[in-house]
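Got the viewer open and a selection tool ready?

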Amino acid sequence: MAEPRKHEKFDALIEACRALAPVRTAVAHPCDESSLTGALQAAAAKIISPILVGPEARIRRLAASLNLDLSGLQLVDAPHSHAAAEKAVQIVRAGQADALMKGSLHSDELLAEVVRKDTGLRTERRVSHVFIMDVSTYPKALFITDAAVNILPTLEDKADIARNAIELAQALGIKLPKVAILSAIETINSKMPSTIDAAALCKMADRGQITGALLDGPLALDNAISREAAAVKHISSQVAGDADILLVPDLEAGNMLAKELTFLANADAAGIVLGARVPIMLTSRADSVRARMASCAVAALFAHARRAAGADLSKLES
């Protein structure tokens, strides 16, 4: 069997955006080469329509030094990164943008404005991050959550993390995603809280508290992604060996898993934050061009899917 072509899963996501209108995106503080170039590349591909929010003179100087054309783009002046984050969130709240993109500022700085109670973009859902991994040795895109926002999620947090990832997978065309709830073992052990949480989440799905997906766990990583490993352990499951979503026990486990795949398996990782009023792209300077474009494509597809489904994006916490 021929080896899967690298980037083919991300190429499919980007291609899916060609038939859609560019998504209006507030880009907070695009003041370095990677963030400004990434936003303009996604604009050239007609995935997003960026609104550049930050020190206007600095952004124009940077664009000139890189021979980038800003003609036709909207720039909103903000004196520094904190003001840019605040202003970008305000633009979304005013209905002038349908997505938010991180520029050259810390993720915490942007997310602090997103979750601010009175002026942010909070909803009733817990905010969480999803990595969409293009791993050449796995037959489909692999979603890993949460590896960037929630450090030690509670059971209730994990339920929202699962719901966010399920909605994203559905928006990307997976009608009934398979969620593997990871631990180190596949049996219940009271000394390992992640196994208890996994069992509870599965029962919540049985009772209709989590819908739209098949859940199973606890599952060790090998059982989640390898049918052979699941068979050896005599695990009978629709999820085991064929997972779409890997729900990790905590941020440390998820972050290590995503980086192991990136640096040891040569995988690409697109990233998006969900649970807020709009999707948020937390791109990194270390991202490849393809991964950065894929993050934009994922956010665009999610925004369009929510709009098509008539999601109530105005339901903010007071």
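Begin at the second largest pocket, which holds about 320 Å³ of space. Select Val115, Arg126, Val127, Val149 and Asn150: of the 15 lining residues, these sit closest to its centre. (On a 1 Å grid over the protein atoms alone, a pocket is an open set of points with protein on both sides within 12 Å along at least five of seven lines, a cavity is a set where a 1.4 Å probe fits but cannot get out, and lining residues have an atom within 4 Å of a point.)

This is a predicted model: local features need pLDDT of at least 70, side-chain atom pairs count only at pLDDT 80 or more, and totals for chains, interfaces and linings use all residues. Numbering runs from 1 along each chain as its sequence is written, and side-chain values use heavy atoms, without hydrogens or water.

Next, pick Ile132, Leu168 and Leu215, the residues with the most contacts inside the largest nonpolar core, which has 58 residues. A second, separate core has 26 residues, including Ala88 and Leu121.

Last stop: the largest cavity, with a volume of about 30 Å³. Select Glu86, Val89, Gln90, Glu113 and Thr119 to see its lining. Helix α4 (residues 81-93) supplies the largest share, three residues.

Terms used. Points joined across faces, edges and corners; volume = space filled by probe spheres on them. Core = buried A, V, L, I, M, F, W, Y, C linked by side-chain atoms within 4.5 Å. Buried < 20%, exposed > 50% of the residue type's maximum accessible area, 1.4 Å probe, protein only. Helix = DSSP H or I, 4+ residues; strand = E, 2+ residues; numbered from the N terminus.
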